[in-house]
Amino acid sequence: MEHILLIMLSLLRVASIPVGGLETGPAPSPFSSIEKRTIELNGHVGFDSLPDQLVSKSVAQGFSFNILCVGETGVGKSTLMNTLFNTTFENEEASHYGNKVHLHPQTYELQESNVNLKLTIVHTVGFGDQINREESFKPILEYIDTQFEKYLEEELKIKRSLFSCHDTRIHACLYFIAPSGHSLKSLDLVTMKKLDSKVNIIPVIAKADTVNRSELDKLKIKIMSELVSNGVQIYQFPTEDEAVAEINSSMNTHLPFAVVGSVENVKVGNKLVKARLYPWGSVQVENENHCDFVKLREMLVRVNMEDLREQTHARHYELYRRCKLEEMGFKDTDPDSKSFSLQETYEAKRKEFLTDLQRKEEEMRQMFVNKVKEAEAELKEKEKELHERFEQLKRMHQEEKKTLEEKRRNLEEEMNAFNRRKVAAETLMGQAVQGGSQPFKKDKDKKK
Ligand SMILES: Nc1nc2c(ncn2[C@@H]2O[C@H](COP(=O)(O)OP(=O)(O)OP(=O)(O)O)[C@@H](O)[C@H]2O)c(=O)[nH]1
Ligand SMILES: [Mg+2]
């Protein structure tokens, strides 16, 4: 809640910045009612260089592109990335014994001609290795959302640096389908279904050299029909732009691309080519009769890289941002269809937050009082028990005292009786002594 309020506060501040505000969807322009007229220029002014200015500015800024590789352990993700960018990225083989899926991002600075590209490759590690795979998609979804969240936070800052900050949002998700089997596994379907509203999914059949031509054709058809029947939206190469419409619409029919990866250079004829060598021949990665690797590279890197970046921002990020802001209580219009007031929403949220805080405080106080009462009752109970015990001991003690008292009295009486007998005996003895020694002697003998 506090977090939401903070974001709202920064949004409020951001909303007051008149120039270069949020990159939101189309807002009603204050100039829309102004009548526009077309007039002829009498000579060259120079604003036709605007596209060139944009190009040189973009080139100077550099570009970022982020690829997410989702696929089972050992399906060929790292090899394909190395083949695609014609280099050797740092790769570590994943273990099959991880207890959950995690994501491993790595960023590289690449340069081609004078264009700098900050490339981030994110691999899923341990995907498909667990016995229970129900939760396998979650870490992937969380990773994608975290990148959107980071961008949104940057957007909501007072001092924003959207151009210079590293945009880590995923632009393309290469989903590696294992070539074994007759169609998609349920793990593939569930994962793609969960990801399709978050990222541009390009499905690829990995290690396509392990399937023969007719089986591969059947597999492609089966995969596509399963994706359609399960309502999974994969990325479609755009056909609006005339310059690429033809190639893109033709490539859409080749999906999912059946790819082969290799970093091995093999001599074929008198040329060195990337290929996989087998005892019966070689599979050339860049030979379109052998696999669709070239089609994938053309579509992903050469033709549609910018569209993938744009779609990520305009479609997937926009959806994330809209849901997030709505979740926080923002609307474009209020229930009476009046335009939305940021100040009012902020006040309403603040009030809601304070009421919530008060309620929680009251709950905690009540809880504390109850706890104290409980402890008090417990103590009272203990005290009562102790008191009863004390009374019992006291009674026992009194009874014992009484018994002892009685015994003492009896003993005293016995002692008195004894003393009396002793005195009587002594008296008798005295009289006997006085009465004569003979009888006394006789008595003495008798006594003996
Ligand atoms: N037949 C065939 N083997 C391939 C292909 N691509 C990769 N391999 C082999 O498959 C094995 C695993 O390849 P990696 O690229 O390491 O697979 P990965 O998906 O990155 O594996 P982890 O990162 O450990 O999940 C290696 O022995 C590769 O040589 C391919 O297109 N065809
Ligand atoms: Mg790997």
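The structure is a predicted model, in which local features need pLDDT of at least 70, side-chain atom pairs count only at pLDDT 80 or more, and totals for chains, interfaces and linings use all residues. Residues are numbered from 1 along each chain as its sequence is written, chains are lettered from A and ligands numbered from 1 in the order in which they are written, and side-chain values use heavy atoms, with hydrogens and water left out.

**Overall fold**

- The protein chain contains 11 helices and nine strands, taken as DSSP runs numbered from the N terminus (helices H or I, at least four residues; strands E, at least two).
- Of its 448 residues, 33% count as buried, that is, under 20% relative accessible area with a 1.4 Å probe, protein chains only.
- Among contacts (heavy atoms within 4.5 Å) with a separation of 6 or more, 69% are between residues 24 or more positions apart.

- The protein chain has one cavity of 30 Å³ or more, a cavity being a set of points on a 1 Å grid over the protein atoms alone where a 1.4 Å probe fits but cannot get out.
- The largest cavity holds about 30 Å³ of space, the volume being the space filled by probe spheres set on grid points joined across faces, edges and corners.
- Its lining (residues with an atom within 4 Å of a point) consists of Met81, Phe89, Glu90, Asn91, Gln106, Tyr108, Ile121 and His123.
- Strands β2 (102-112) and β3 (115-125) each contribute at least two of the lining residues.

**Strand pairing**

- Strands β7 (residues 265-268) and β8 (residues 271-278) pair in the antiparallel sense over four bridges; pairing requires at least two DSSP bridges between two strands.
- Val268 stands opposite Lys271 in β8, and the hairpin of β7 and β8 has two residues between the strands, with Gly269 in the turn showing a positive phi of about 65°.
- β8 also pairs with β9 (residues 281-284) in the antiparallel sense over four bridges, and Tyr278 stands opposite Gly281 in β9.

**Backbone exceptions**

- Most residues other than glycine have a negative phi, and most peptide bonds are trans.
- Leu255 and Pro256 are joined by a cis peptide bond with omega of about -5°; Pro256 is in the loop between α7 (242-252) and β6 (257-258).
- Asn86, in the loop between α3 (77-84) and β2, has a positive phi near 50° and counts as exposed (over 50%) at 57% relative accessibility.
- Ser113, in the loop between β2 and β3, has a positive phi of about 50° and counts as exposed at 70% relative accessibility.

Definitions and conventions. 1 Å grid on protein atoms, 1.4 Å probe; cavity = no way out; pocket = protein on both sides within 12 Å on 5 of 7 lines; lining within 4 Å.
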